[in-house]
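Subject: Structure handover

Hello,

Please read the notes alongside the coordinates.

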Amino acid sequence: MMKKENDKDLFPLFTVIIPAKNRGSYLYHTLRTCMIQDYPNLEIIVSDDGSTDNTKEIVENAIKIDSRIRYFFHLGGIGMKENFEFALKQIKPGYVIALGADDGLLPGGINGMYKVLRDTGMDLLTWPAAMYTFPDVAGNHGQLQINFQKGIRIIDSKEYLQRQSRKFNYISDVETPMFYVKGVASTKLIDRVCSRTTDGGFYSCSTPDGYSGIVLAGEVLQYAFSGEPFSIYGLSSSSQGLAYLSNEEKARKDSESFFQYSTYKPMHKDLASQPYSPLITLMTVDFLLTAKDLPGWEGRFPQINYKKVICSALKELKHGLYGEKRISRELLILRNIAIFHGIEKFFNAKVKLSRRYRQKERFTGSGVTPNLLLIDGDVINDNNIFDASYFAKNIYKIYSRVSLRKTISIFLRSLNYWIRSKRKGKRFPKPSEWIG
């Protein structure tokens, strides 16, 4: 049982940073998921990148209810990366997790993080965050997604980094220890990374999410993984990744606004110093190479195979997810990388043989895979991240208590009951035996 509020000095400080811009309607519910946390020593920092909607009013009203919230406003905006950097500079010693303004914490999430860190003695913890896709993205009701994982395990950082140098897919790896939504890190690790950079900042890449997972993995020999989720992603129509995939004019303008702040920082020189690319393959390689250049960084991974990089990136483009007007930009970037590494003929041959898959409709409603449980969002009354976080918490609690053996036993008992219920009994008595 957690101690009372006045005993908070006995617990390490946990800080939630929320860099935000013009997502007031989502941020309202994100803050609600933070405000219900009953961990004794918690601070919530909202860094507003010059919002012109009702973000300021929403945060100020929340502060009246919960004094743990601190608010900073940047008139005119400073850009996504600098906004993250600013928020990080406001934290005090302890642990930190970052949320987007449409993400959230699960009920009891901070308590859960604290217990795993305390029990394992680790400075870095990750988990497979649940995901809520809003109705404006998937179907009429949206969708809740929960990953099938159980227990706590210790991850070898070297093995993780080696896997990333082969597969180039940080975002789909449940063991990626980024402290953006799906992880929490000791501020000692944050400070250590900052001490290795020329400007004293943490982020050395254009996008501040996945890079944190790669660079932090190299700062420790091992880190903790919890199968239980403590947070939830919100996938809304304002998410930058979706904006880039879309052909709609508004989405294109939103992503171009993001590019204003990301393209000034080119990718690593071994990626031909190309401008930012949203291809997961290229982002992963950029993160790995950038972290490796940090003085004294102890992460180790094999030399990157750029033919594999080209094949992996083309596979991403083939899946039919990118808008037509985005394809040529990414192909040009890939060609320049191929030229830089002397494999242009290889690239041209691969492009010539490649065919785009027909774009599939997003799977909506409820379903199940070996790794995921998908639940139609119509069970969530108000279609917001706060209600989704409660559903995710309760559904995972049920799942965690049902073992495979129990599931099989329930199935076999049900089958046995059904079989017995279909057995034929005695015939009806003959007419001569009827009682008048």
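V368 stands opposite L373 in β14. That pair belongs to the contact between β13 and β14 (residues 372-376), two antiparallel strands joined by two bridges. Strands count as paired if DSSP finds at least two bridges between them. Helices (H or I, at least four residues) and strands (E, at least two) are DSSP runs, numbered from the N terminus.

This is a predicted model, in which local features need pLDDT of at least 70 and side-chain atom pairs count only at pLDDT 80 or more, while totals for chains, interfaces and linings use all residues. Residues are numbered from 1 along each chain as its sequence is written, and side-chain values use heavy atoms, with hydrogens and water left out.

Sheets

β13 and β14 are part of an open sheet of six strands with mixed pairing, in the order β5-β12-β7-β8-β14-β13. Its edges are β5 (104-105) and β13 (367-368); each has a single partner strand, so one side of each lacks a neighbour in the sheet.

A second open sheet, also with mixed pairing, has eight strands in the order β3-β2-β1-β4-β10-β6-β11-β9. Here β3 (69-73) and β9 (152-156) are the edge strands, each with a single partner, so one side of each is left without a neighbour in the sheet. On average, neighbouring strands of this sheet are turned by 25 degrees against each other, direction ignored.

L125 has V184 in β10 as its bridge partner. Helix α2 packs on this sheet and touches β2 (42-48) and β3, its direction making about 155 degrees with that of β3. Contact means heavy atoms within 4.5 Å. β2 and β3 are paired in the parallel sense over five bridges, with I44 opposite I69 in β3. Together, β2, α2 and β3 make a right-handed β-α-β unit (right-handed if, with the strands pointing away from the viewer, the path from the first strand over the helix to the second runs clockwise).

Helix pairs

Axes are lines fitted to C-alpha atoms, for helices over the stretch in contact, and angles run from 0 to 180 degrees between N-to-C directions.

α2 (residues 55-65) also packs with α1 (residues 24-35), at an angle of about 20 degrees and with the axes 9 Å apart. The two helices are therefore roughly parallel (angles under 35 degrees; over 145 is roughly antiparallel, 65 to 115 roughly perpendicular and the rest oblique). α1 passes α2 in a right-handed crossing, a crossing being right-handed if the near helix is turned clockwise from the far one by less than a right angle, and left-handed if anticlockwise. G24, S25, L27, Y28, L31 and M35 of α1 make the contact with T55, I58, V59, A62 and I65 of α2. These residues divide into eight nonpolar, three polar and no charged. Nonpolar covers Ala, Val, Leu, Ile, Met, Phe, Trp, Tyr, Cys and Pro, charged covers Asp, Glu, Lys and Arg, and the others, Gly among them, are polar.

α10 (residues 280-292) and α11 (residues 306-318) pack at about 145 degrees with their axes 8 Å apart. I280, T281, L282, V285 and L289 of α10 meet Y306, V309, S312, A313 and E316 of α11. The contact comprises seven nonpolar, two polar and one charged residue.

α11 also packs with α13 (residues 344-353), at about 25 degrees and with the axes 11 Å apart. α11 and α13 are therefore roughly parallel to each other, and their crossing is right-handed. Here K307, I310, C311 and L314 of α11 meet F346, F347, K350 and V351 of α13. By class, that contact has six nonpolar, no polar and two charged residues.

Regards
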